[in-house]
Amino acid sequence: MPTDTVELIRRMAGGDRYAFGAFYDRYAPLAFGLIRRILRNAAEAEEVLQEVFLELWVSAHTFDPARGTPEAWVVMRARSRGIDRARSIRRKSEGMAQLSGGTVPDAVPDPAMRAEGREIVRGVLGQLPASQQEVIELAFFDGLTQSEIAARVGQPLGTVKTRMRLGLEKLRELAGRLR
Amino acid sequence: MNTEHEPFSELAVVYALGALDGEDLVQFRTHLQTGCTECNRTLEDAHAALAHLAQGLSEPPPRRLRSAVIGRIAGDTGPRAGARFWTGFRWAASVAVAAGVLAAVASALVAVRYEARMGQLAREVSGLRDQARQQDLLLRLLGDPATQVVALAGLDVSPGAQGRIVWHEREGGLFFATNLPPIPREKAYELWIIAAGKPIPAGVFSVDVEGHGRLRVAPLPGPVRVDQFAVTLEPAAGVPAPTGTMYLASKAPG
């Protein structure tokens, strides 16, 4: 783990805005790409990115380098806020659909997002068997729970859990090779 | 391998993916509270692997967002104004003046950092005082035979959520929630006391990333028999009567 990043976070906790700027420069691309992948909408992603970094600024004092890397800290916060926003959008759509007596259309990603989705499948996830890719994508990017995934893919809950475990083990192995 | 622990290793991975639900979620959170080092290590490893996955998606955000975010934390655009100052300064000032100004800027920076640190310490002290007050109250209430402990169960939208309220008619009480879903900034959970068939607002609260929330509840004016407690999702400022989805409720009086 780069100790200079930990030092940046420590300085952020002390109210150092310059450290925050450097931290933003280093991690905003990581968070933004992930949030865009989750929301499939650039305008929403820009808003959520700002919220995520404000949260990281406020909670910098809670970061514990012994419990995880700065990358994981940023990614898990960005993922969580992205999924929150996606659910909120979904609930609003459902409310509107109920009022109008219609059904909720699936989100239509822009063409760039579709290309990006393919890219990630070709990348790290592409090295996993398709069944493991599917459950990890549905959980991590789409925010579905294990029961929802089991219903979606038509497999028993136990199979879904096992696929997630095997997929994550493989991802860990791939991440380890690159360190 | 410890076979008794094996199911938790699998649950830890699903938890790291944010996909655990139902009884599994309750069971795993209870297990995590034991401080299991193996599960904590699994979670850290899984988060690192997911961070690696996200790295494949990296994309620079529009440049204007940087100024917007920094402007929001500072209330102004301090760093950019500073840069303009230094550029002009190098051309205009003599070495002696520069030394004087540098000293002044350094002092100002130290003062700003000092004030920020003092502010942070003050917030921490205030937070610790609140915690100490709540713990004192909890101990006092638990020692009083008139105190009731009421359980709230998660409803359809949050089946894994749970709540407890330690309630005393004259003292009010303390409410604790676990496993509630995260909510957007503009929303808050609101606790309701249902008495004589009417919901009375008892305060709003938010939850941390683990879904934990707590709230000090003021006593109701006058002796009123409480029938039920419930939690709904409302605008962050709270509302006088419930409008949103209900997430938790205690049993209705039989």
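Which handedness, left-handed or right-handed, does the crossing of helix 3 of chain A and helix 4 of chain B have? The crossing is right-handed, where clockwise turning of the near helix from the far one by less than a right angle counts as right-handed and anticlockwise as left-handed. This is a predicted model, in which local features need pLDDT of at least 70 and side-chain atom pairs count only at pLDDT 80 or more, while totals for chains, interfaces and linings use all residues. Residues are numbered from 1 along each chain as its sequence is written, and chains are lettered from A in the order in which they are written.

**View 1. Helix 3 of chain A against helix 4 of chain B.**

**View 2. The largest nonpolar core.** This core (buried Ala, Val, Leu, Ile, Met, Phe, Trp, Tyr and Cys joined through C-beta atoms within 7 Å; buried means 20 or more other C-beta atoms within 10 Å, with C-beta atoms placed from the backbone) has 70 residues. Helix 2 (residues 17-39) of chain A gives the most to this core, with 12 residues.

**View 3. Surroundings of Met164(A).** Met164(A) touches, among others, Ala139(A), Val13(B) and Leu17(B), contact being C-beta atoms within 7 Å.

Technical notes:
Buried ≥ 20, exposed ≤ 12 C-beta atoms within 10 Å, placed from the backbone. Helix = DSSP H or I, 4+ residues; strand = E, 2+ residues; numbered from the N terminus. Contact = placed C-beta atoms within 7 Å. Axes fitted to C-alpha atoms, helices over the stretch in contact; angles between N-to-C directions. Lists of a residue's contacts leave out its neighbours within four places in sequence.
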